Amino acid sequence: MLRTELILLIAFGYVGLLFAIAYFADRRAAQGRSLISNATIYALSLAVYCTAWTFYGSVGRAAGSGLGFLPTYLGPTLTFALGLWMIRKIIRISKVHRITSIADFIASRYGKSTAIGSMVTIIAVLGIIPYISLQLKAVSMSYLIINQYPLIVMPRYFPDIPVIHDTAFYVTLLMAVFAILFGTRHLDATERHEGLVAAVAFESLVKLVAFLAAGMFITFGIYRGFGDLFTKAQDLPELRQVFTLGARAGDYLGWALHVILSMTAVIFLPRQFQVAVVENVNEDHLKQAVWLFPLYLLAINLFVLPIAFSGVMQFASGVDADTFVLTLPMAEKQEVLSLLVFIGGISAATGMVIMETVALSTMICNDLVMPVLLRLPFGTIAQRKDLSTIVLALRRGAIILVLLMAYVYFHFIGEAYSLVSIGLTSFAAVAQFAPAIVGGIFWKRATRAGAMSGLSAGFLVWAYALVLPSMEHAGLLNQPMVSDGPLGLALFKPYELFGLTGLDPIAHAVFWSLLANSFFYVGVSLFSSQSALEHTQAALFVDVFTYPGEGADPSFWRGTALVTHLRSLLERILGPERTAEALSTYAGRHEVRLGPLATADPALVIYAEKLLAGAIGSASARVMIASAVKEEPLGLDEVMGILDETRQVIAYSRELEKATAELKSANERLKELDRIKNEFISTVTHELRTPLTAVRSISEILHANPQLPKDQHRHMTGIIIKESERLTRLINQVLDFQRLETGKMAWQMQPVNLQEICREALTAVQPLIDDKHVELSLDLPQEVLLVRGDRDRLVQAVLNLLSNAVKFCDSVCGRIGLRLAVHPNHLQVEVNDNGAGIQPEDLKIIFEEFRQARNMSQGRPSGSGLGLAITRRIVEHHGGRIWAESEAGRGSTFAFTIPVLYPSAES
Amino acid sequence: MPMSPDSRKTRRLAGIFLLGWVLLNYPILSLFNLPASWDGVPLLYAYVFAAWSLIVGLLAVVSRPGRTNHDTDG
């Protein structure tokens with residue numbers, strides 16, 4: 001015997017635990033250490049999709065139709081496969097535009113229109129109130145059943161019970177308190193409720209555990225596994241027939257329509273939009289939710305069929321199949337399990353109710369009531385100093401109103417329907433948002449007129465095909481509509497519109513309503529045009545990944561406002577503290593001072609509008625901002641121009657960045673070259689001046705003293721000749737280098753003998769060697785392979801190295817060496833000296849043009865600085881490599897290689 | 001068409017969507033809509049849950065973080 005007090009204690013204890021979790025998460029959020037910033041918690045919060053309908057209703061549906069309950073969970077699996085593509089886009093758009101509800105999303109896309117926002121809100125509220133009421137029904141039903149433990153008695157018909165004795169009424173009140181406490185604590189510009197999300201995620205875990213526990217107990221405790229259970233079920237004819245689906249075309253089409261229905265519901269139900277989009281902390285959490293959420297759905301559905309069949313087999317008629325999850329453990333006298341299931345059912349119901357009412361209250365307040373209040377004549381609400389308390393009061397009022405409406409529906413009408421059919425009716429209502437949203441984020445040309453016509457048409461068909469029959473069912477109509485059609489017109493029978501038969505009522509309604517919706521949405525969009533604001537919003541939505549987040553849209557707005565006006569506007573909604581905070585954030589980010597008399601720039605006005613949109617919705621924010629600023633409306637052509645410009649500017653700026661980087665490095669290189677060239681010019685002119693000066697001064701002496709002795713005369717003219725040769729050599733080098741650089745050098749490539757070339761170069765440099773008394777060591781093999789090359793240039797290369805060696809070898813007892821080494825594929829020429837050596841940092845650069853090694857022992861080196869550069873170019877033109885090795889104080893070695901002409905011929 | 005980041009992953013997931021739609025709808029579904037059973041479990045049920053598990057498994061493998069991080073895609 002479970003005593004009522006114990007059941008209530010556990011139920012209230014559980015709700016208390018939820019309060020604690022929500023409170024803790026809210027506190028963590030206030031401290032900036034978000035508890036819910038976690039991909040797993042995000043996926044669990046999405047499982048608010050699984051309501052009491054899933055928990056109790058799926059089993060009921062499965063008992064009657066086998067797999068018929070399943071499309072509701074297959075659809076979300078498929079939707080989440082498209083999650084990174086579509087849901088991520090919706091999330092990004094909502095973050096950029098501070099969108100806080102599905103009504104806000106649609107309103108914002110179609111030109112921040114109040115009309116369309118209200119329309120979406122009304123559809124959502126009307127469609128979802130029955131859905132909320134089914135949660136109330138489930139909770140009170142489960143309480144009434146478990147309260148009779150161990151007897152299994154179905155609860156009585158509800159309208160008899162006075163409200164004051166009705167459990168469901170107290171359940172309703174408790175849920176309202178919870179939703180108000182954690183859903184409307186303060187007015188936030190992001191409309192996020194970390195406490196609620198944490199509680200909902202926890203509830204998702206509890207309901208899964210409870211359902212799995214019941215399923216395992218029934219499958220493996222009462223029966224010996226799946227095979228045993230299904231084999232026994234096969235003996236009952238009514239169960240055997242649901243082992244397969246009906247095989248008519250309508251059954252498969254109905255199946256597909258149910259899958260489509262749930263695909264839309266899983267993101268477009270207000271609470272799903274709330275948890276998946278508005279409460280999303282990080283877009284990357286989607287990546288895990290893409291599989292974790294479908295896995296959750298798979299797990300919670302695994303035992304639905306076994307429980308349903310087991311219930312049918314265990315109970316005679318008289319036990320509602322919607323209660324099997326609870327009544328089966330009760331029949332087996334499992335107290336703890338029964339309580340766990342009861343708590344699981346409460347979890348499934350409360351999570352949904354709280355999230356849904358908070359989402360609906362935001363919509364009612366922002367998209368239905370506020371726009372009206374703000375438009376009221378002077379001296380009323382719009383002029384009030386502090387609007388935020390009014391907004392909060394409206395939200396709380398809306399929560400209570402929604403819950404009371406749901407209670408009334410449940411108490412007086414809802415009893416006649418099973419859990420699932422009520423839920424599916426709600427799904428069909430929110431499915432009407434799908435064309436406007438999906439079209440809105442992928443199709444720029446969709447217009448507000450199109451969206452409004454589509455929504456209206458879809459909603460009307462939905463009401464006609466699903467709500468009207470349910471009113472007849474509840475006895476509210478005095479005419480048999482379903483069987484005869486209105487006024488006896490059979491063509492308009494609500495369940496068989498235009499004579500379409502073979503579909504179940506839901507699939508039938510989904511088909512006609514979505515068809516009408518899409519038809520008018522596309523058709524009217526094609527034949528209507530957009531306002532400038534619509535066009536702007538359409539482009540910002542569709543191309544959200546192309547436009548940068550916040551800063552892009554100021555260009556769409558031109559107008560003037562005073563900062564003071566904006567400030568007072570914000571203070572009325574957000575309060576002085578948060579306004580000051582937000583404005584100083586803005587001033588800091590944009591490095592502007594916001595003095596009282598300053599004029600707000602467009603960026604600030606947009607920023608303020610977005611802050612307001614977060615709190616009161618985009619349509620209302622637009623109305624408020626418009627009251628404070630003088631706006632110069634942009635024409636459509638201008639907007640289109642700006643959009644195209646923006647896109648092009650973004651593309652250009654990316655290319656520009658690349659080009660800038662290239663230019664920068666080129667510029668650095670040029671600067672360096674410029675510096676080197678200047679040095680070169682000073683070196684060359686110095687080198688040219690020395691011989692020129694010598695020539696000139698000696699010529700002057702000769703000119704002034706015609707009677708000089710013959711031997712002196714001869715000596716002096718000898719100097720003139722030598723110095724002019726030096727001049728010629730220098731000029732030739734410069735010319736050579738210029739030819740090499742510009743590719744104008746005429747190369748005479750032919751097979752040559754490198755050994756001969758070395759000897760020839762040696763002969764040329766011999767006078768210099770003798771002159772400076774340098775000791776020469778030679779290592780030239782007699783037989784060498786031929787190489788292909790330009791004889792004169794190769795001689796020049798070896799000569800350059802040899803004369804350098806002579807120039808830099810030890811001035812007292814100089815030694816140089818020339819060596820020709822034979823390798824299989826190339827020949828290597830080495831020239832060494834015993835000079836001061838080269839600094840390691842110079843080894844790399846000495847082959848560059850105009851460079852000379854510094855810190856040579858004898859100070860400034862002589863020569864143009866082109867010798868090695870020319871040598872390197874000659875070697876490289878022959879396909880060889882040149883390098884230098886040196887050790888300070890022990891001389892240096894210059895070497896180059898030339899590939900042999902026929903490497904394999906002789907080896 | 002402007003694609004979101006991770007577009008390679010996104011395309012693979014879209015492929016899984018198509019596979020899921022085909023596996024879980026007419027006419028493939030009708031091939032298993034027979035009064036037969038597999039180890040006691042009705043064939044249709046076994047098939048639908050197996051196909052569903054396959055889709056969830058594929059989603060998990062493809063969306064696993066880090067796997068396509070190094071893929072560059074234009």
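I start with one residue in chain A. A:Glu760 counts as partly exposed, because its relative accessibility is 35%. Before I go on, keep in mind that this is a predicted model.

What does A:Glu760 pair with? Its side chain meets that of A:Arg791 in a salt bridge, at 3.1 Å from N to O. A:Glu760 sits in helix α31 of chain A, residues 754–772, and A:Arg791 sits in helix α32 of chain A, so the pair ties together parts that are 31 residues apart in sequence. A:Arg791 has a relative accessible area of 26%, so it is partly exposed.

Helix α32 of chain A covers residues 791–808, and A:Arg793 lies in this helix too. The side chain of A:Arg793 forms a salt bridge with that of A:Asp736, at 3.7 Å from N to O. A:Asp736 belongs to helix α30 of chain A, residues 710–742, so this pair links parts that are 57 residues apart in sequence. Are these two residues buried or exposed? Both A:Arg793 and A:Asp736 are buried.

The next pair stays within a single helix. A:Glu700 and A:Arg696 are both in helix α29 of chain A, residues 636–704, and they are four residues apart, about one turn of the helix. They form a salt bridge in which the closest N and O atoms are 3.1 Å apart. A:Arg696 is at 58% relative accessibility, so it counts as exposed. A:Glu700 has a relative accessible area of 44% and is therefore partly exposed.

How many salt bridges does the structure hold over all chains? The count is 15.

A:Gln530 is in the loop between α23 and α24 of chain A, which cover 505–526 and 532–542. A:Gln530 counts as buried because its relative accessibility is 11%, where the cut-off is under 20%. What does the side chain of A:Gln530 reach? It comes to 2.9 Å from the backbone oxygen of A:Ala446. There is also a polar contact of 3.2 Å between the side chains of A:Gln530 and A:His535.

Next is helix α25 of chain A, residues 563–574, as a geometry check. With 12 residues at 1.5 Å a residue, the helix should span 16 Å, and its end C-alpha atoms are 16 Å apart, which agrees. The buried residues in α25(A) include A:Val563, A:Leu566, A:Leu569 and A:Leu570. A:Arg572 is buried as well, as are A:Ile573 and A:Leu574. After α25(A) comes A:Gly575, whose phi is positive, near 90 degrees.

A:Phe220 lies in helix α9 of chain A, residues 194–222. At 47% relative accessibility, A:Phe220 counts as partly exposed. Leaving aside residues up to four places away in sequence, A:Phe220 touches A:Gly225, A:Phe226 and A:Phe303.

On to chain B. Chain B has three helices and two strands, and from the N terminus its elements run α-α-β-β-α. It has 74 residues, of which 41% count as buried. Taking contacts in chain B between residues at least 6 apart in sequence, 62% join residues at least 24 apart.

The last topic is the interface. In it, 36 residues of chain B are in contact with 42 residues of chain A. The size of an interface is often given as the accessible area lost when the parts come together. Here chain B and chain A bury about 3,500 Å² between them, with 76% of that on carbon and sulfur atoms. How many salt bridges are there between chain B and chain A? The count is zero. Four residue pairs are in polar contact between the two chains, counting pairs with both residues at pLDDT 80 or more.

Which elements of chain B give two or more residues to the side that touches chain A? They are α1 (7–23), α2 (28–31), β2 (41–42) and α3 (43–63) of chain B. α3(B) gives the most, with 11 residues. By type, this side of chain B divides into 24 nonpolar, nine polar and three charged residues.

That is the end of my part.

Note on methods
Residues are numbered from 1 along each chain as its sequence is written. Chains are lettered from A and ligands numbered from 1 in the order in which they are written. This is a predicted model: local features need pLDDT of at least 70, side-chain atom pairs count only at pLDDT 80 or more; totals for chains, interfaces and linings use all residues. Side-chain values use heavy atoms; hydrogens and water are left out. Contact means heavy atoms within 4.5 Å. Buried area is the accessible area (1.4 Å probe) that two parts lose on being put together, summed over both. A salt bridge is a side-chain nitrogen of Lys or Arg within 4 Å of a carboxyl oxygen of Asp or Glu. A polar contact is a pair of N or O atoms within 3.5 Å; within protein, one must be able to donate a hydrogen and the other to accept it, and residues adjacent in sequence count only if both atoms are side-chain atoms. Ala, Val, Leu, Ile, Met, Phe, Trp, Tyr, Cys and Pro count as nonpolar, Asp, Glu, Lys and Arg as charged, and the others, Gly among them, as polar. Buried means under 20% relative accessible area, exposed over 50%, partly exposed in between (1.4 Å probe, protein chains only). The expected span of a helix is 1.5 Å times one less than its number of residues.
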